[in-house]
Amino acid sequence: MKRIVNLLISSVLAGVCIGLGGYVNLVMGGIIGAVMFSFGLLSVVHYGMALYTGKSGFFTNRRELTDLLYIIAGNFVGCWLVSLIFDYASPQYVENAQKIVDVIAGKSLLAVFLLAIPCGFIMSTAVKFAREGRFLPLLFGVPLFIVCGFRHSIADIFYYCAAMDFMFLPWLMAILGNFVGCNVHRALEIAREK
């Protein structure tokens, strides 16, 4: 039980970091906002917090795979908490969150799924580099997925909550697409070993 509580606390804190990154992106916008969003993911990796896109490509057993459900729940709560503060203290930026949600709403579920795959690949690759002490791929990876419109399931939670316009099926497609993308590196490693 203590392990699950610690996992949930770590997951909520990771969600808070991503929510802060999303908040900065909404306030600053453009390339600068996308680059500044990187602070959220750099914080998650540095402190070893449990973020869905940082963990879903590195599970080694069934328990760690099941843990992803707790991680998603904790990430959701963390993003939601930041969105509550954001909506109260800076309501002038809610419209920017709604614009992102509207873009997602305008896509088919298949398109959301497909756009989440490269984001998952970028995140697991960046995390793999960061685990080796090389953080530059995180700094480049985050703006890359934002500028390209790739879907990051946890960042999307923040935008949905900030806009007060939650869409479950597109979010589920982003979760599944991120999972696929996060695990592409496994196939690449198998191919490299042959």
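**Aromatic rings**

Ring pairs join Phe76, Tyr160, Phe166, Phe168 and Trp171 into a cluster. The model is predicted, with local features requiring pLDDT of at least 70 and side-chain atom pairs counting only at pLDDT 80 or more, while totals for chains, interfaces and linings use all residues. Residues are numbered from 1 along each chain as its sequence is written, and side-chain values use heavy atoms, with hydrogens and water left out.

A pair of aromatic rings is described by the distance of the centres and the angle of the planes. Here, rings of Phe, Tyr and Trp (its six-membered ring) pair if their centres lie within 6.5 Å; planes under 30 degrees apart count as stacked, over 60 as edge-to-face and the rest as tilted.

Across the whole structure, a search finds 10 aromatic pairs. One of them is formed by Phe158 and Tyr159, edge-to-face at 5.7 Å centre to centre with 65° between the planes. Phe158 is buried, its relative accessible area being 0%, and Tyr159 counts as buried at 4% relative accessibility; buried means under 20% relative accessible area, exposed over 50% and partly exposed in between (1.4 Å probe, protein chains only).

Within the cluster, the ring centres of Phe166 and Trp171 are 5.5 Å apart and their planes stand at 65°, so this pair is edge-to-face. Phe166 is partly exposed at 37% relative accessibility, whereas Trp171 is buried at 8%.

Charged side chains also sit over rings, a term that requires NZ of Lys or CZ of Arg within 6 Å of the ring centre and within 35 degrees of the ring normal. Arg131 lies over the face of Phe58, 4.1 Å from the ring centre. Arg186 lies over the face of Phe59, at 4.5 Å from the ring centre.
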